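Colleague: Please walk me through the labels used for this model. I want each one set against its definition.

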Amino acid sequence: MGTRISGRQTTGQDMAACRWPGWVDIVLVCACCFGAGTAVRAEDVIGTAAAERVRSGDTLLEIARRHDLGFAEIRAANPGLDPWLPQEDALVILPLEHVLPDAPRRGIVINLAELRLYHYAQGDVESFPLGIGRTGWQTRTGRTSVVRKASRPVWVPTASERADEPELPARVPPGPDNPMGDFALYLAWPGYAIHGTNRPYSIGRRDSHGCVRLYPDDIARLYRSVPIHTQVTVVDQPVKLGWRSGQLYLEVHSGQAGADLLEQGVTPPPPPLQLLLAAVSAAAGGQAHRVVWDTVVLTGQQMRGVPVQVTRGD
């Protein structure tokens with residue numbers, strides 16, 4: 001079973017395609033949730049930072065699989081490493097720490113911008129890496145629910161999938177050739193499911209027709225713990241802000257199009273600076289005097305996808 005991140009819940013394109021969707025919403029939500037005078041929120045950051053040395057013959061894909069990470073996030077956290085031939089004994093940052101998305105902490109929350117799923121249950125939260133819809137087949141955002149579960153599902157390509165790939169069979173029975181893997185959670189949205197995969201190295205990539213893929217071990221665990229009628233919320237938040245132990249943390253991702261650029265070895269464009277500063281200011285509220293703005297700017301430029309403390313300790 002892959003490594004999971006747990007914490008107590010206490011409360012393809014080209015550069016032009018990377019537009020940072022939802023920025024106005026981010027600023028407005030921050031202003032609402034972290035209004036002036038708000039000193040501290042409940043704990044919003046889970047996981048623990050970690051690192052390991054490259055072993056002989058390792059690739060970043062193999063290291064990601066070993067630690068239940070996706071390709072885009074380990075690539076972003078280690079921009080100086082060759083993903084296919086990393087130098088032996090080089091230090092690899094493992095992005096095992098996460099700011100929780102700004103969404104209801106109930107059921108399943110998927111953040112497309114970081115290719116991650118969060119599952120809230122019985123006061124705990126677990127996080128799993130994802131594969132999501134590729135360009136032209138983007139996974140939709142909004143709220144839905146789990147309406148059906150299937151073990152060893154049969155894959156029946158939709159009409160739109162068959163139009164895109166006419167050579168697809170009418171149906172694929174359970175087994176190693178089934179792209180849905182061994183378990184599926186079907187959503188109320190027609191044609192959408194959260195499922196496994198027969199291609200584990202597609203996790204952390206935009207490679208599907210819109211469905212959400214998990215590593216085989218992760219979907220097996222999720223399948224056991226998620227009942228029918230579980231709420232599913234899908235958001236697209238490249239920038240996340242949250243509090244832990246009285247400190248504000250900022251986590252910046254390159255977004256969905258940025259994940260495609262990372263795979264091509266291209267550095268994605270950073271978020272608009274003024275909007276980033278406005279979001280941090282709104283989140284800090286009455287604690288804005290503690291913000292280290294140089295750290296905010298650097299975090300936005302680097303987009304490493306790891307939480308960075310942006311307030312002083314005083």
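What follows is a short exchange on ring pairs, charges over rings, a sheet and the nonpolar cores.

Modeller: This is a predicted model, where local features need pLDDT of at least 70, side-chain atom pairs count only at pLDDT 80 or more, and totals for chains, interfaces and linings use all residues. Residues are numbered from 1 along each chain as its sequence is written, and side-chain values use heavy atoms, with hydrogens and water left out.

Colleague: Why is the pair of phenylalanine 71 and tryptophan 84 called stacked?

Modeller: Rings of Phe, Tyr and Trp (its six-membered ring) pair if their centres lie within 6.5 Å; planes under 30 degrees apart count as stacked, over 60 as edge-to-face and the rest as tilted. The count by this rule is three aromatic pairs. Here the centres are 5.7 Å apart and the planes at 15°, so phenylalanine 71 and tryptophan 84 are stacked.

Colleague: What makes tryptophan 189 and tyrosine 192 edge-to-face?

Modeller: Their ring centres lie 5.6 Å apart and their planes stand at 75°, so the pair is edge-to-face.

Colleague: Which is phenylalanine 71, buried or exposed?

Modeller: Buried means under 20% relative accessible area, exposed over 50%, partly exposed in between (1.4 Å probe, protein chains only). Phenylalanine 71 has 2%, so it is buried. Tryptophan 84, at 42%, is partly exposed. Tryptophan 189 is buried at 8%, and tyrosine 192 is buried at 17%.

Colleague: What places the charged end of arginine 148 over the ring of tyrosine 186?

Modeller: The rule asks for NZ of Lys or CZ of Arg within 6 Å of the ring centre and within 35 degrees of the ring normal. The charged end of arginine 148 sits 3.9 Å from the centre of the tyrosine 186 ring. Lysine 149 lies over the face of tyrosine 223, at 4.5 Å.

Colleague: Why are S16 and S18 at the edges of their sheet?

Modeller: Strands (E, at least two residues) are DSSP runs, as are helices (H or I, at least four), numbered from the N terminus. Two strands pair if DSSP finds at least two bridges between them. The open sheet has the order S16-S17-S18, with antiparallel pairing. S16 (239-244) and S18 (308-309) each have a single partner strand, so one side of each is left without a neighbour in the sheet. S16 and S17 (residues 247-252) pair over six bridges.

Colleague: Which residues touch the most other members of the largest nonpolar core?

Modeller: Such a core is a set of buried Ala, Val, Leu, Ile, Met, Phe, Trp, Tyr and Cys residues joined through side-chain atoms within 4.5 Å. Of its 24 residues, they are Ile108, Ile110, Leu117, Ile194, Leu214 and Leu222. H5 gives the most to this core, with three residues.
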